[in-house]
Amino acid sequence: MDNKFKWHMFVTSFIPLWISILIINLWDIISNFIHNWDSESTVNKNIWSGVKYNCVPIIFTLIILFIYFVSRFKILALIKNRGKLVKRKVVLTSYRKCNKLSTEFLLAYILPMIAFDFSLLKDVVIFVVCFLILAFLCIKNDNVYINIFLEFRGYKIYNCDIEYNVMDDKKNIYTECILISKVDITLPAYKEPEVYDFNNYIYISFEESKNE
């Protein structure tokens with residue numbers, strides 16, 4: 001998993017934050033337009049004054065939309081075209097669902113960031129600095145598997161012990177791995193899934209449920 005893809009995974013994991021910021025900014029923009037509207041002025045003058053007054057939230061909103069849709073496109077492209085990924089047939093020796101990871105991520109990282117006032121340039125700058133520092137740490141430590149975008153698409157996160165054969169029938173064994181899968185890997189039919197290996201720690205299975 002290269003750093004570019006880790007960045008895309010990181011960005012799309014903040015969907016609730018981006019939605020919250022968009023709602024806050026749009027609410028402020030509309031409220032400011034209404035509040036500063038002068039019926040005695042020309043329409044063009046009112047619109048221009050409103051744009052200048054809402055310059056920070058408008059620009060920040062457009063940047064967020066651009067970054068999010070680029071990352072979303074890159075991840076969907078990878079799901080559709082997986083030719084460059086390493087595919088393995090693995091055996092799951094142990095596994096458990098990580099049901100609380102997304103909730104903990106939401107409470108720890110996303111909710112505190114909503115407290116910034118995104119209509120103020122100072123708060124936007126502080127937010128960007130904090131977000132980039134968090135992105136650097138998560139990408140460096142491979143902490144990009146809690147992806148809410150993939151969860152919206154039906155994927156779930158599992159903690160697994162994995163083994164697979166390499167040359168000369170030698171087995172590689174990896175413990176405490178993260179497996180992102182669209183199917184319930186606890187079912188007997190999925191004890192030996194085909195997965196895509198990102199870094200011997202994070203694996204993604206693109207298999208669909210056999211009941212679909």
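Helices (H or I, at least four residues) and strands (E, at least two) are taken here as DSSP runs, numbered from the N terminus. The model is predicted, and local features need pLDDT of at least 70, side-chain atom pairs count only at pLDDT 80 or more, and totals for chains, interfaces and linings use all residues. Residues are numbered from 1 along each chain as its sequence is written, and side-chain values use heavy atoms, with hydrogens and water left out.

We can begin with the overall layout. The chain comprises seven helices and six strands, and from the N terminus these elements follow the order α-α-α-α-β-β-α-α-α-β-β-β-β. Accessible areas were computed by the Shrake-Rupley method with a 1.4 Å probe, and for residues only the protein chains shown count as cover. The accessible surface of the chain is about 12700 Å², and carbon and sulfur atoms hold 61% of this surface. With buried meaning under 20% relative accessible area, exposed over 50% and partly exposed in between (1.4 Å probe, protein chains only), 38% of the 212 residues of the chain count as buried. Contact means heavy atoms within 4.5 Å. Among contacts in the chain with a separation of 6 or more, 71% join residues 24 or more positions apart.

Next comes the interior. A nonpolar core is a set of buried Ala, Val, Leu, Ile, Met, Phe, Trp, Tyr and Cys residues joined through side-chain atoms within 4.5 Å. In soluble globular proteins, nonpolar side chains tend to be buried together. The largest nonpolar core has 43 residues, of which Phe 14, Trp 18, Phe 127 and Ile 180 touch the most other members. Two or more residues of this core come from each of α1, α2 (15-35), α4, α5 (101-113), α6 (121-140), α7 (148-152), β4 (171-181) and β6 (202-205). The element that gives the most is α6, with seven residues. A second, separate core has eleven residues, including Tyr 158, Tyr 164, Ile 185 and Val 195.

Beyond its neighbours within four places in sequence, Ile 180 is in contact with Met 9, Tyr 145, Leu 150, Tyr 155, Lys 156, Ile 202, Tyr 203, Ile 204 and Ser 205. Phe 105 is found in helix α5 and counts as buried because its relative accessibility is 6%. Apart from residues up to four places away in sequence, Phe 105 touches Ser 13, Phe 14, Ile 110, Ile 146 and Ile 148. The C-alpha atoms of Phe 105 and Asn 147 lie 9.6 Å apart, although 42 residues separate the two in sequence. Helix α1 is mostly covered, with seven of its ten residues buried; these are Phe 5, Lys 6, His 8, Met 9, Phe 10, Val 11 and Thr 12.

On a 1 Å grid over the protein atoms alone, a cavity is a set of points where a 1.4 Å probe fits but cannot get out, while a pocket is an open set with protein on both sides within 12 Å along at least five of seven lines; lining residues have an atom within 4 Å of a point. Grid points are joined across faces, edges and corners, and a volume is the space filled by probe spheres set on the points. The structure holds one cavity of 30 Å³ or more. The largest cavity has a volume of about 40 Å³, and its lining is made up of Phe 5, Met 9, Ile 75, Leu 78, Ile 79, Leu 150, Tyr 155, Ile 204 and Phe 206. Two or more lining residues come from each of α1 (3-12) and α4 (55-80), and the largest share, three residues, belongs to α4.

The second largest pocket has a volume of about 180 Å³. Its lining consists of Trp 7, Val 11, Trp 18, Phe 60, Ile 63, Ile 64, Ile 67, Tyr 68, Phe 127, Val 128, Phe 131 and Leu 132.

Two backbone details complete the description. Asp 142, in the loop between α6 and α7, has a positive phi of about 60° although it is not a glycine. Asp 142 counts as buried, at 17% relative accessibility. Glu 176, in strand β4, is likewise not a glycine but has a positive phi of about 55°. Glu 176 is partly exposed, with a relative accessible area of 47%.
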